[in-house]
Amino acid sequence: MMLRNICRHHRQFGRVIWPFSQGHHVPSLSTHQQKAKYASAITERKKFYENVSISQVDGGLFEINLDKRKLKTPGGKLFTVPNEALAIAVATEWDVQKETLKFYTMHLTTLCNTALDNPTQRTKEQIISAALKFLETDTLCYRVEEPQGLVELQTNEWEPVLNWIEQRYNVVIGSSSNIMGPQIPEETKATFRQHLQSYNFWSLTGLEYVITQLKSLILSFGLIDRHLSVEQAVLLSRLEEEYQIQSWGNVEWAHDYDMYELQARTAAGAMFVHLSSESTAVKRKILQD
C-alpha cells in the first residue's frame, strides 16, 4: 500500500571538431591532463551545427558528423562507436539539442567519451573490482529496525528482488540491520566476477555507471536483466527517502527533478550496456521501443 502511494506521488567528411574546444585540434593528453580536462569541461555551449549524421569507417566503426565535421572526444580522439545502433542513439542526442547544447543531458555521449578516452586509465579487471565493491554496501542489503512502516516496506519491496538475484545466479547474499552489513560469501563474489568477465569494456563502463546511480549492484543486475524497469529500479533505490517524503512531505519540484534526472541517467546507462553488447537485431528493437 505504501509503495502504491509512493508511485501515485510521481504523476568521410571534413575537419574534426571537439565541441569543448570550439573545433580546434587537441593534441594527445597525459593521464593527468585528461583528468583535468574532464573535470573542467563546460556544461553548455551555443549550438554550432545544423545537421547530424553518422558514417561507417574502417573496422566496422561509426562516426558522428556535425554538418561536415567529425566529432572528437574531450581527450582529442576521433569519436567512434562500435555499431550503428549506438551511433544512431548518440546522434539523436546531438540532433535534439536546441539553441544551446546542454552537455549534461547527453549521457550516451558522455559514456562513449569515457569508454574511448578512459581518462583514469583503468583496466577491465579494475572496473569489475570496483563494481563488486558496491555489493558490500548494497542498498538492498542494509535494513532498518524502525520505524515499523519502513521495516515492512523494505521487506515487501526489497526481499523479492533479493530472492530473485539469489535464484537467478545461484548465490547467497542476505541482508542485515547491522551497520557492518551482511557477510557476502566469497563464492558469491566469484560468481559475479565470472559473470562480469563476459562483459566487454564498453558494457562494463555503462554497467558501472548504472551501479553508481542506483548505489546497488543487485538493482543494476535486475535492470540489465530486464527483471526491473527503470522506474522500478530507481524507486527501489530511493525507498527510504520516498518513505520519509510520504511521512513528512517535500519540496515537490525539487523532488520530481531529482527523480527524473536519476531515471534519465539510469535509463541511458542501461541502454548503453545493451547497445554495447548485444546483437544487431536486439539493438534495433531497443531503439524502436
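Let me begin with Thr 188, which is in contact with Leu 135, Val 171, Val 172 and Ile 173 once its neighbours within four places in sequence are left aside; contact here means heavy atoms within 4.5 Å. The model is a predicted one, in which local features need pLDDT of at least 70 and side-chain atom pairs count only at pLDDT 80 or more, while totals for chains, interfaces and linings use all residues. Residues are numbered from 1 along each chain as its sequence is written, and side-chain values use heavy atoms, with hydrogens and water left out.

Thr 188 has its place in helix H7. Helices are DSSP runs of H or I with at least four residues, numbered from the N terminus. Thr 188 counts as buried because its relative accessibility is 2%; buried means under 20% relative accessible area, exposed means over 50%, and partly exposed lies in between, with a 1.4 Å probe and protein chains only.

Not counting residues up to four places away in sequence, Phe 192 touches Leu 132, Leu 135, Ile 165, Tyr 169, Val 171, Ile 173, Leu 217 and Phe 221.

Beyond its neighbours within four places in sequence, Arg 193 is in contact with Glu 125, Ile 128, Ser 129 and Leu 132. The C-alpha atoms of Arg 193 and Ile 128 are separated by 6.8 Å, although the residues are 65 apart along the chain.

I turn now to the cores. A nonpolar core is a set of buried Ala, Val, Leu, Ile, Met, Phe, Trp, Tyr and Cys residues joined through side-chain atoms within 4.5 Å. The largest has 44 residues, and those with the most contacts inside it include Ile 165, Phe 192 and Phe 221. Among the elements giving two or more residues to this core are helix H5 (124–136), helix H7 (186–197) and helix H9 (217–224). The largest share, eight residues, comes from H6. Apart from this core lies another, of 29 residues, among them Ile 64, Val 90, Cys 112 and Leu 275.

Next, a helix pair. Helix H3 (residues 84–95) and helix H4 (residues 107–117) pack at an angle of about 125°, with their axes 8 Å apart. Axes are lines fitted to C-alpha atoms, for helices over the stretch in contact, and angles run from 0 to 180 degrees between N-to-C directions. H3 and H4 are therefore oblique to each other: angles under 35 degrees count as roughly parallel, over 145 as roughly antiparallel, 65 to 115 as roughly perpendicular, and the rest as oblique. The contact is made by Leu 86, Ala 89, Val 90, Glu 93 and Trp 94 of H3, together with His 107, Leu 108, Thr 109 and Cys 112 of H4.

Finally, the cysteines. Cys 112 counts as buried at 0% relative accessibility, and Cys 141 is buried, also with a relative accessible area of 0%. How many disulfides does the structure hold? The structure holds zero disulfides, a disulfide being a pair of cysteine sulfur atoms within 2.5 Å.
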